[in-house]
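Visitor: I am new to this structure and would like to learn how to read it. Could you show it to me and take me through a few features?

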Amino acid sequence: MADSSYSGSVAVQACAESLQARATELAQSLGLELVPVNAPESDRNQHELILEVTESGLQIQPCGKGAPGPTAVDFLSGSVAHRRQFGGGKGQMIAKAVGVKGAIKPSVLDATAGLGKDSFVLATLGCSVTMLERSPIIHALLQDGLERAKADPDVGPIVEQMSLHNANSIEWMQENKDLAGFQVVYLDPMFPHKDKSALVKKEMRAFRPVVGDDLDADQLLEAALEIAENRVVVKRPRKAPYLANRKPSLQFEGKSSRYDVYPLKKLES
Ligand SMILES: C[S@@+](CC[C@H](N)C(=O)[O-])C[C@H]1O[C@@H](n2cnc3c(N)ncnc32)[C@H](O)[C@@H]1O
């Protein structure tokens, strides 16, 4: 989709009476319908997704028969935490693509923040990361995940290096192209691929109705090349065409994805 409007219907619901005030505030700020706390399943099923306010934070829950479980931003447990502890540090492909090496820890503008996983990996490696996300719903989920992580003694200092803004990155980068300080711009737009793994299926079912397919992704690369000081890195499914038909000078290829690197200036510490 070319903008942040979502095709599916999304509503907000509190999972307990005590969370009703928070849910009401959230529904108002996002301009979404509020489903009453104890509404029957049939009311929830009028919507494609429910943004649930739970005791442990925000989560997005697809509705209907056979729907997968909820998706939340969780930097403290699960796959993201596992990768922080055992993921291979600077040896990871994303680290090589961004140029993290020795004392070099570039400042990164992640212009397609999503659930913040890639940003978190880069912040774990010592990069300061500015994240932009245009979907107000995904932004709310990510903001919630960051807030919850701040109190953790191990993860708190990492998320302190991450800042988040709700903005369309194409416009933001065009307006701020003279702003210095982003050594690397990182892009990972949605791509209509056919990955059938359970995790991708679950997250994509929550994601796609909210954000669409990012059909304006080519413009992201053009704007990124204007604002980046040292390089632009684009994450793509392994077999996907280049963004904006531009051949990168450097590539890192994994099993299912690859990183296209557009160097502008040598990175130095
Ligand atoms: C595939 S997801 C990114 C996943 C992310 N790298 C992660 O690790 O969680 C793409 C995200 O980029 C956002 N996005 C795409 N184009 C954008 C733009 N022009 N401005 C801001 N956000 C954008 C989408 O809304 C979506 O949330």
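Visitor: How many salt bridges does the rule give here?

Guide: A salt bridge is a side-chain nitrogen of Lys or Arg within 4 Å of a carboxyl oxygen of Asp or Glu, and by this rule the count comes to 10 salt bridges. This is a predicted model, in which local features need pLDDT of at least 70 and side-chain atom pairs count only at pLDDT 80 or more, while totals for chains, interfaces and linings use all residues. Residues are numbered from 1 along each chain as its sequence is written, and side-chain values use heavy atoms, with hydrogens and water left out.

Visitor: Which residue forms a salt bridge with R134, and which parts of the chain does the pair link?

Guide: One partner of R134 is D214, with the closest N and O atoms 3.2 Å apart. This pair links distant parts of the chain, since R134 sits in the loop between β6 (129-133) and α6 (136-150) and D214 in the loop between α9 and α10 (217-227), 80 residues apart; helices (H or I, at least four residues) and strands (E, at least two) are DSSP runs, numbered from the N terminus. R134 also meets D216 in a salt bridge, at 2.9 Å from N to O.

Visitor: Is R134 buried or exposed?

Guide: Buried means under 20% relative accessible area, exposed over 50%, and partly exposed in between, using a 1.4 Å probe and protein chains only. R134 counts as buried because its relative accessibility is 16%, and D216 is buried too, with a relative accessible area of 10%.

Visitor: What does the side chain of D110 make a polar contact with?

Guide: A polar contact is a pair of N or O atoms within 3.5 Å; within protein, one must be able to donate a hydrogen and the other to accept it, and residues adjacent in sequence count only if both atoms are side-chain atoms. The side chain of D110 makes such a contact with the side chain of S119, at 2.7 Å. D110, which lies in strand β5 (residues 108-110), is buried yet has no salt bridge, and the nearest side chain of opposite charge, K235, is 9.1 Å away. For charge, Lys and Arg count as positive and Asp and Glu as negative, whereas His and the chain ends are not counted.

Visitor: Where does an oxygen atom of the ligand lie relative to the side chain of E133?

Guide: An oxygen atom of the ligand is 2.6 Å from an N or O atom in the side chain of E133, and a backbone N or O atom of D118 lies 2.9 Å from an oxygen atom of the ligand.
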